[in-house]
Amino acid sequence: MDIQEVCDGLEFPEGPIAMADGSVILTEIKGQRLTRVTPDGRKETVVETGGGPNGAAIGPDGAIWITNNGGSFEWLDMQGLTIPGPTPESHKGGSLQRYDLKSGKLTTVYDACEGKRLIGPNDLVFDKQGGVWFTDHGCGTPGSRTYGGVYYAKTDGSLISRQRDHLNAPNGIGLSPDETVVYVADTNLARLWAFDVAEPGVLAPGPGFAPGRVVHNLQDYQLLDSLAVEAGGKVCVATIINGGITAFDPDGSIEHFAFPDLICTNICFGGADMMDAWITASSTGKLYRTRWPRPGLKLNFNA
């Protein structure tokens, strides 16, 4: 696999969006902003978001929607690498934001569900109906962990619902090509969950006492981050410690693609044949590009 470095000097990048003009818009979590990276590697600030912009995606309205964790990490320098640490005492919670590319207006659409403050919104994906599935990663202090969940919301601000609660560290989220399954990667458990969709915006009950079906648990000490789905249904999850991308087949088999960073946080697909892949290498602050062996799934909404 030929891996090309597109850009460096990013402050913990994640949330890449492949744009039609060949650029990539991504989040800089530590930098608290959306940034556009042009094909020749130049960086342009799109908007200062505050907090901790984590995931980003184009919505049905053509705007960029952002899962903002509200600044849920302290930042550590370990041997020259940028590492997310515990949640600072100043953290109050996160939100789902909307940035209008035409007007330049940034708004907060949701910061609570049923009167309970969102903790650390992390990743998001839009279904064909234009609703948004997103994860709340929760947060962790040196002595405890606050659980996260899976949510569904409408973009007009009229509905937000918690579809799964009490999950350890839900992170990446994606939809199967037929949108009958919501996939969620749990960071700390190194587990890919599959939740069956009963109807748009509603998850079916899990099997037995489990919240969903287990696709696969990684062995040894590995952590999972955000994800993208291939056109054929494999789920490509950014992998930490064993730095790279792990492709999970729905049948439970896996394959690993190594990238030169211990903390790879996300992947997106683009290009005419959807076989161009961009990977955020966050501890070193880089964005990589490569040709993927299979086409990615084209998202419902693009710009």
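Biologist: How many positive and how many negative side chains does the chain have, and how far apart do the centres of the two sets lie?

Modeller: In this predicted model, the count takes Lys and Arg as positive and Asp and Glu as negative. On that basis there are 24 positive and 36 negative side chains, and the distance between the centres of the two sets is 3 Å.

Biologist: How many helices and strands make up the secondary structure, and what share of the residues is buried?

Modeller: The secondary structure comes to zero helices and 31 strands. Buried residues, those under 20% relative accessible area, make up 58% of the 303 residues.

Biologist: Where is P211 found, and why does P211 count as buried, partly exposed or exposed?

Modeller: P211 is found in the loop between strand 23 (202–203) and strand 24 (213–217). Buried would require under 20% and exposed over 50%, so P211, with a relative accessibility of 25%, counts as partly exposed.

Biologist: Which residues is P211 in contact with, leaving aside neighbours within four places in sequence?

Modeller: Contact here asks for heavy atoms within 4.5 Å, whereas the C-alpha atoms of P211 and C264, 53 residues apart along the chain, are separated by 27 Å. With the neighbours within four places set aside, the contacts of P211 are R164, L167, W193, F195 and G206.

Conventions: Residues numbered from 1 in each chain as written. Predicted model: local features only at pLDDT ≥ 70, side-chain atom pairs only at ≥ 80, totals over all residues. Heavy atoms only, no water. Helix = DSSP H or I, 4+ residues; strand = E, 2+ residues; numbered from the N terminus. Buried < 20%, exposed > 50% of the residue type's maximum accessible area, 1.4 Å probe, protein only. Charge placed at Lys NZ, Arg CZ, Asp CG, Glu CD.
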